[in-house]
Amino acid sequence: MKLPSIILRVMQHWLVPLLVVVSLFLLLRGHDEPGGGFAGGLMAAAAVILVALAETPTEARRLLRLHPTTLIALGLLVALVAGLIGPLTGKAFLTAVWLKADVGLFYFKAGTPLLFDIGVYLVVVGAVSTFALEIEEAAPLAPDRTGATPAKTDSVEGGAPSKS
Amino acid sequence: MADQIVYIALLIIALSIGISMFRFVKGPSIPDRVVAFDTAGIISISVIVVLAHSFGRLIYVDVALVYGLLSFIGVLVAARYLDRGL
């Protein structure tokens, strides 16, 4: 089958790591400042959509490693574990438990809200990639329904225009 | 002095959004309208940055960053829809 334009595919190699890094940045600072699991998950899902558009949906599924539905289940499990840490310390369900430490230059602070945000992140990535990949795989792969489009792209890529 | 610079920048930005909205309304074909919409989106990133400066909220710059990364994908999906259909 015909792959999308070379500009898009080259740009995707640069943009996808950037999107993933910014989404992790949004996830990790989410409990104190704007951001959080939902916004970060949407950015990571945008990276998946970009791969599915620039390469193929199969390539996007290979990059995800896990099936999107598995990601949803994993995220819900992580969120449930984050909620159950509260009862273990003798407080109510979903109580925030913080772990703070002063490690030299850094002030390290992590807790169950971060764990809950990671769960939300996984659920959002899984759900949005499920929607996008299903829609993309159901779509026709080549623009063969209209007669004019393949001839135009042939002349751009191959040099000599084909006869069609 | 800094206030005047911000006002002039906002004036120029408003003018350019007006120009791209003109193309959005008038544009004969659908790709014209998509490109005009993308242009207006990129200009609105500069609106966010100017507002971040004048309100003194540095956090708005992150919003501009994220929007700049994501508006590109929106136009990409629109172009793919026009090319192949949903």
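This is a predicted model: local features need pLDDT of at least 70, side-chain atom pairs count only at pLDDT 80 or more; totals for chains, interfaces and linings use all residues.
Select α2 (37-54) and α3 (57-64) of chain A. Helices are DSSP runs (H or I, at least four residues), numbered from the N terminus.

Residues are numbered from 1 along each chain as its sequence is written, chains are lettered from A and ligands numbered from 1 in the order in which they are written, and side-chain values use heavy atoms, with hydrogens and water left out.

Now show the side chains between α2(A) and α3(A). Val48(A), Val51(A) and Ala52(A) of α2(A) touch residues of α3(A) including Glu59(A) and Leu63(A); contact means heavy atoms within 4.5 Å. Ala, Val, Leu, Ile, Met, Phe, Trp, Tyr, Cys and Pro count as nonpolar, Asp, Glu, Lys and Arg as charged, and the others, Gly among them, as polar.

Next, select Val20(A), Ala44(A), Leu64(A), Tyr121(A) and Val125(A), which lie nearest the centre of the second largest pocket. A pocket is an open set of points on a 1 Å grid over the protein atoms alone, where a 1.4 Å probe fits, with protein on both sides within 12 Å along at least five of seven lines; lining residues have an atom within 4 Å of a point. The lining divides into 14 nonpolar, no polar and no charged residues. Its largest share, 4 residues, comes from α2(A).

Move to α4 (residues 68-88) of chain A, which packs against α5(A) at about 160° with the axes 7 Å apart. These two helices are therefore roughly antiparallel. Among the residues in contact are Leu71(A) and Val78(A) of α4(A), and Leu115(A) and Gly119(A) of α5(A). The contact has 17 nonpolar, 6 polar and no charged residues.

Finally, select α1 (residues 2-26) and α2 (residues 30-55) of chain B, whose axes come within 9 Å and cross at roughly 165°. That makes α1(B) roughly antiparallel to α2(B). Their contact includes Arg23(B) of α1(B) and Asp32(B) of α2(B), and divides into 14 nonpolar, 6 polar and 4 charged residues.

Terms used. Axes are lines fitted to C-alpha atoms, for helices over the stretch in contact, and angles run from 0 to 180 degrees between N-to-C directions. Angles under 35 degrees count as roughly parallel, over 145 as roughly antiparallel, 65 to 115 as roughly perpendicular and the rest as oblique.
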